[in-house]
Amino acid sequence: MIHVNSNYCKGCLLCMEYCPKKVYVKSEKLSKKGVFPPEVKYPENCIKCHLCELMCPDFAIIVEDKDDK
């Protein structure tokens, strides 16, 4: 499971840039900060490489290794 905290995100979208499986899309809704945060569109494509988590300068993304099934 992937969590994006839109309260921390400043909308740089580095996560989208570095995700090798293109899991994210740019949200169409503005966050409280007035930016378009990433949205997890294709969670089934995530390979849990954690690149998005590592590249996020705002620590807004958490990728859990364990699925909630």
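A disulfide, as I use the word here, is a pair of cysteine sulfur atoms within 2.5 Å. By that cut-off, this structure holds zero disulfides. Two cysteines show how the distances fall. The closest cysteine sulfur to that of cysteine 9 belongs to cysteine 12, and at 6.3 Å it is too far for a bond. Cysteine 56 is in no disulfide either; its nearest cysteine sulfur is also in cysteine 12, 6.0 Å away.

Before I go on, the ground rules. This is a predicted model, in which local features need pLDDT of at least 70 and side-chain atom pairs count only at pLDDT 80 or more, while totals for chains, interfaces and linings use all residues. Residues are numbered from 1 along each chain as its sequence is written, and side-chain values use heavy atoms, with hydrogens and water left out.

Next, burial. Buried means under 20% relative accessible area, exposed means over 50%, and partly exposed is in between, with a 1.4 Å probe and protein chains only. Cysteine 9 is buried at 7%, and cysteine 56 is buried at 9%. Both belong to the largest nonpolar core, which has 11 residues, including Ile2, Tyr24, Ala60 and Val63. A core here is a set of buried Ala, Val, Leu, Ile, Met, Phe, Trp, Tyr and Cys residues joined through side-chain atoms within 4.5 Å. As background, nonpolar side chains in soluble globular proteins tend to be buried together.

Contact means heavy atoms within 4.5 Å. Leaving out residues up to four places away in sequence, tyrosine 24 touches Ile2, Cys15, Pro38, Cys52 and Ile61, among others.

Proline 38 is buried, at 7% relative accessible area. Beyond four places in sequence, its contacts include Val4, Cys9, Leu13 and Tyr24. Proline 38 and histidine 3 are 35 residues apart in sequence, and 10 Å apart in space, C-alpha to C-alpha.

Now the charges. A salt bridge is a side-chain nitrogen of Lys or Arg within 4 Å of a carboxyl oxygen of Asp or Glu, and the count comes to one. Which residue pairs with aspartate 58 in a salt bridge? The partner is lysine 10, with the closest N and O atoms 3.6 Å apart. Aspartate 58 is in the loop between helix 2 and strand 4, and lysine 10 in the loop between strand 1 and helix 1, so the pair ties together parts that are 48 residues apart in sequence. Is each end buried or partly exposed? Aspartate 58 is buried at 18%, whereas lysine 10 is partly exposed at 45%. Aspartate 58 also touches Tyr8 and Cys9.

Last, the backbone. Most residues other than glycine have a negative phi. Leucine 13 has a positive phi, near 60°; leucine 13 lies in the loop between strand 1 and helix 1 and is buried at 18%. Lysine 22 has a positive phi too, near 50°. Lysine 22 sits in the loop between helix 1 and strand 2 and is partly exposed, at 49% relative accessibility.

That is what I have; I will take questions.

Technical notes: Helices (H or I, at least four residues) and strands (E, at least two) are DSSP runs, numbered from the N terminus.
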